[in-house]
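Here is a short report on one structure.

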Amino acid sequence: MPLFDGKDKSRYATFTRRTLMMGGGVAGVFLVLAGRLYQLQIENGDEYRTEAEANRVSQRVIFPPRGRILDRFGNELATNRRNYRVVIVPEQATDGVQSAIDAVGRIIELTPRQREKVLHDIAQNKKFAQIPIAENLSWDEFARLNLHLPYLPGVQPDVGTTRAYPYGAEMSHLLGYVAPPTQADQEKDSDPLLAQPGFHIGKRGIEKAYDVQMRGKAGASRVEVNAYGRVIRELSTLPGQAGEDVYLTIDCQLQRFAEERLAAESAACIVMDVETGDVLALASTPGFDPNLFNVGISNDQWKALTTDDRKPLLNKAVGGVYPPGSTFKTAMALAAVDNGLEDLQVNCTGSMTLGNHVFHCWKWKTGGHGHVDLHKAVQQSCDIFFYEVARRLGIDKMAAAAKALGLGAETGIEIPGELSGFIPTSAWKLARYGVPWQVGDSLSAGIGQGYVLATPLQLCVQAARIAGGKAVVPRVVHDVGAARQPRVPPAALPFSQKALDMVRSGMDAVANVPGGTAYAWRITQPGYEMAGKTGTAQVRVITKAERESGLRSEASLPWDLRENGLYIAFAPVSQPRYACACIVEHNAAPHIQVQAARDILLFAQQRNLLQTPTGYPVHAAQAAGPKRT
Amino acid sequence: MISRPYAAARRTLSIVDKLYEVNWGLVLLITIIACVGFAMLYSVAGGSFSPWAGKQMLRFVVGFVLMIVVAMVDIRRWLSLAYPAYIVSLVLLVGVVVAGHVGLGAQRWLALGPIEIQPSELMKIALIMALARFLHGQSVEEVSKPLRLIIPLVMIALPAGLVAIQPNLGTTIILVLDGAALLFLAGLSWWWILPTLGAVVAAVPLAWRFVLHDYQKARVMTFLNPESDALGAGWNITQAKIAIGSGGAAGKGFLQGTQSRLNFLPEKETDFIFTNYGEEFGFVGCIALLILFSVVIGYGIQISMSARSQFARLLSMGITLNFFFYIMINGAMVMGLIPVVGIPMPLISYGGSAMLTVLFGFGLLLSVHVHRQVEIPRHSAGII
């Protein structure tokens, strides 16, 4: 058999033919690949280039520093402090997030609730996101963590900022607090900052009212990121705009003094300038620690705040409404003088009968005040006199006087949550109850009871208007950043000078003439004397049986059934500058509010508060002074 | 002088003669392509020789020496080693199934002392050698005889089946393609080829139902609609297309690719390395590389046509087509033309086993060229 035959030749021919076919196939495949490359790189190249850029470049939001809140002398009431915190980046935690958290927990204290929250946040976020493990660490804790960092993969130290309130609860109602925005907040406000984890917005108080101005504008940083979102380098930055500082008319020291003075009570106290309406102190006790909210308030702490019947979350100065009691008699006296009753004389026997109802004077036990004129009626707070005034004037004239003093309508102060109180009219009662106004209703209203309700701030405005004779409007914000807040010059009051003089004289006698209801707690330092008007408001109906068996002493009643103590005042009596209203809810000892107001007014005057140069920003236009020609 | 006397073929060449006969143009091309690979590995490491480029260069040096050594060995020696190599590879594949440890989710590696080898890589060469040897003994008519055809089919099916259960879809496809190509070149009748192609098309739905693993099905599904799961399984395809496409006409420039440097591309140093090349060198660079590849394939075709024995012809074409199938599947995969299968770009992707296998194959190709005048009789009686 030959080693090579025709079959070798024939298969060589077949091989050659088929190899060339394969070569053609190879060429075809390469053409397809080249065509695909043309399609990807030439036809759609720009599109893919854009996508690659979008992959590579990420926008990071830079939080603008929040504006501070300062008092009239430039003291910081709310500021930003460094927040030492520790975060975890799950994708970098090579030993697992659980063991990383455990390791951190051996260095600093972590509550089970914190651990739970971290694990929850890790599950909710992307693997490259920074999840806070613990915030607001002390420097010691932070330093210890940094020391252990090489052994804690995925754990990073971080320094952010957090809101700080150096005076804590003492400014809590005035300033409010900041907290993370809720879902509802985010729907209302389209600012992209709100969607950023860790961003806080103002809730309550000035923080809420001036939130947008203090928030500032977000900056942006264009960074190159890798596929896990880690920043490789910064490409460019667009600086944000810091939030604007808010300057208040408040005096930090007076505010703190008022808060401390009333710390044991459930109370409110406002001090304002009778000339300008500048609010110098706005206290409401008890308060809460606003620092708790930005750090993260615990359930127990929140529950304690919401269930306390002294309502620590309520700003009583603007959001509490009370029957004004005898302080309302100042408005009655003004209306009496301007309606021809300046010479009214009444004999107080302790009670008066209207129809089949007996109205009592507070001094009914000892036989009443006897012969009373307007001056004595204000000084000694005679109810019978003002029943008679109310009977003669009718509710609508009384209401007009009360409204001229600022009662019955919101004052428009810049603090959210203000209530309007209430001053009834005859038309209102008919519309509301379908019953005509009764003379008896006027009598109750005449001593600040019945339907009459007012906020402590309104009572302060009332005192300021009587003292200064001008329709001042309370204001607490002086400047926002470089912008001085507009101020309307106060209008004139619709009362005669004679009426104002008579009421001021009566109020002077209340505190400075023996027999006055506040005489025992007067200011004795010469030049600082105050004028005032006391008030007591029942929060329950005194039954006939109780009256006959003799009233129980207030101190023996349960706290929430005791009377509210009220006091409005101004000082110095010779040339009034400071007006004050003070309410102590359900006070055990009478006239705690008078003593507090006395101390607060004396403190303000001795500080020479309104004569001290302010620390408001000086504006270019004002600094330049008048031009010389 | 078309058929030389058998005796003339027996003369042996000296080493110097053989070195002179080596196709140095092909060797230069291979080296250039490998250098493109080093540059890419340097680039995806962010401009660093570690961890990939340096090692890869070392492997290339080792593989280069291996290639030249293989080229020096007489083609008849390779003929006689074909079956033993096949059997050894088959045993190692069984060993992988029995004792192999799990790497990358699949059993592919076998530890022999300090060396870890991938028997499926060895099998690619061994199968080509063994099939070439078997078909060397068959005339065109004999190839298509049913009883004879069973033998090469079993030779293909055994390793393909063992690799498929690892599971390693990419290598299975390559083995089947290599085997089919050799049968085709050996003259398998169109009466076999066309019905088989028809049956394969008909079998696709059945394979989908009963054969493919879930992860393989997921790859196909995400290939058909990558945007449906752009952050999950569709990520690779989407990001690969973005990388290549963003290169545009001229590319972003060496070391300027962002997609791989910023880790948007998984397996950027292995299966997806071509995307980085496309991003940095653009359409012009890609076409240039395709031209280099086609010249290598052209060399292979030319060498096989000039060989005087059927074994040498089939062996050289088998090696050449094996090289081509890698390029075809990897290229089509990274360009989003076919689903993702784990096949590297030869000479460019990082990987020791693949590099050594490819260079061993080129060694065989060179050996065919060096010994192209050797004639070997069809019948086993004439085989040394």
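The model is predicted. Chain A holds 24 helices and 23 strands. Of its 629 residues, 42% count as buried. Among contacts in chain A with a separation of 6 or more, 75% join residues 24 or more positions apart.

Strand β21(A) spans residues 531–537 and is mostly covered, with 7 of its 7 residues buried. In a regular strand, side chains alternate between the two faces of the sheet. Both faces of β21(A) are covered. One side carries Ala531(A), Lys533(A), Gly535(A) and Ala537(A), all buried.

The partner of β21(A) here is strand β22(A), residues 564–571. The two strands pair in the antiparallel sense over 7 bridges. Thr536(A) has Gly565(A) of β22(A) as its bridge partner.

Chain A also touches chain B. The contact takes 37 residues from chain A and 46 residues from chain B. On the side of chain A, the elements that give two or more residues are α1(A) (6–43) and α2(A) (45–56). Of these, α1(A) gives the most, with 22 residues. The table divides the side of chain A that touches chain B by residue class.

| Class on the chain A side | Count |
|---|---|
| Nonpolar | 18 residues |
| Polar | 10 residues |

Definitions and conventions
Residues are numbered from 1 along each chain as its sequence is written. Chains are lettered from A and ligands numbered from 1 in the order in which they are written. This is a predicted model: local features need pLDDT of at least 70, side-chain atom pairs count only at pLDDT 80 or more; totals for chains, interfaces and linings use all residues. A residue is buried if 20 or more other C-beta atoms lie within 10 Å of its own, exposed if 12 or fewer, and partly exposed in between; C-beta atoms are placed from the backbone. Helices (H or I, at least four residues) and strands (E, at least two) are DSSP runs, numbered from the N terminus. Two strands pair if DSSP finds at least two bridges between them. Two residues are in contact if their C-beta atoms, placed from the backbone, lie within 7 Å. Ala, Val, Leu, Ile, Met, Phe, Trp, Tyr, Cys and Pro count as nonpolar, Asp, Glu, Lys and Arg as charged, and the others, Gly among them, as polar.
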